[in-house]
Amino acid sequence: MRRQISVLSLVALLPLPAAAHHPMGGAMPESLWQGFASGIGHPVIGLDHLAFLLAAGVLAAALPRSQALRAVAGFLVAGMAGLALHMAGFGLGMTEALVAASVLLAGLALLVTKRVPAPALLAGFALAGLFHGHAFAEAVIGAEATPIIAYLAGLAVIQGALMLGAMALAREAARARWLRPAMGAAASFAGLGFLVVALVA
């Protein structure tokens with residue numbers, strides 16, 4: 001079991017190009033179902049987003065349950081705010097590089113011996129959510145209201161599920177001291193790769 005989890009974590013966090021960022025191949029979602037499917041698929045196919053969600057879930061596992069849930073909720077709410085800002089025409093700079101940086105920082109946070117203070121972690125989750133949400137907006141700019149609303153629902157469902165799933169796995173594997181540093185090393189490696197790709201592209 002330990003070997004399977006480790007291999008899956010490393011494969012999921014490989015620094016592959018993040019170009020294939022949503023399941024419709026760049027096509028605009030035109031229906032409720034297409035919007036929802038795009039929302040579900042985008043954070044999974046976008047490996048930089050997936051890497052952050054898994055690493056963040058493991059990070060959140062170190063917090064008391066109420067604070068962990070607040071961190072996840074803060075990420076999701078800030079993500080919606082970032083998406084709304086982009087759709088309203090407000091840019092946040094080099095978003096892809098900032099998303100990659102969030103993966104790298106999450107990995108480094110997992111590698112530190114001391115636990116990151118809860119306030120810093122909550123603020124970090126919210127800030128990361130802002131940039132991830134801003135990047136997600138690219139898939140639906142120009143779409144009609146129905147697919148956009150469905151897209152938002154899909155994003156919330158899959159991101160929440162991935163973060164809470166990783167958090168639950170980390171809690172179950174609390175005695176496996178290898179999990180946190182292994183995930184930290186993988187996320188740091190992936191984040192650095194994503195950052196290089198984002199800056200060079």
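## Helix H2

Helix H2 covers residues 32-45, 14 residues in total. At 1.5 Å a residue it should span 20 Å, and its end C-alpha atoms are 20 Å apart, so the two agree. The expected span is 1.5 Å times one less than the number of residues. Helices here are DSSP runs (H or I, at least four residues), numbered from the N terminus.

This is a predicted model: local features need pLDDT of at least 70, side-chain atom pairs count only at pLDDT 80 or more, and totals for chains, interfaces and linings use all residues. Residues are numbered from 1 along each chain as its sequence is written, and side-chain values use heavy atoms, leaving out hydrogens and water.

## What H2 packs against

The buried residues of H2 are Gly 35, Ser 38, Gly 39, Gly 41, His 42 and Pro 43. Buried means under 20% relative accessible area, with a 1.4 Å probe and protein chains only. These buried residues pack against H3, helix H6 (118-136) and helix H7 (145-172).

## Aromatic pairs

The model has three aromatic pairs (ring centres of Phe, Tyr or the six-membered ring of Trp within 6.5 Å; stacked if the planes are under 30 degrees apart). Phe 52 and Phe 75 form a stacked pair, at 5.4 Å centre to centre and 25 degrees between the planes. Phe 52 lies in helix H3 (residues 47-60) and Phe 75 in helix H4 (residues 65-87), so the pair ties together parts 23 residues apart in sequence.

Both Phe 52 and Phe 75 are buried. With Phe 125, they form one aromatic cluster.

## His 86

Helix H4 also holds His 86. His 86 is buried, with a relative accessible area of 16%. Not counting residues up to four places away in sequence, His 86 touches His 134, Ala 137, Glu 138 and Ile 141 (contact: heavy atoms within 4.5 Å).

Key: Phe/Tyr/Trp six-rings, centres within 6.5 Å; stacked < 30°, edge-to-face > 60°. Helix = DSSP H or I, 4+ residues; strand = E, 2+ residues; numbered from the N terminus. Buried < 20%, exposed > 50% of the residue type's maximum accessible area, 1.4 Å probe, protein only.
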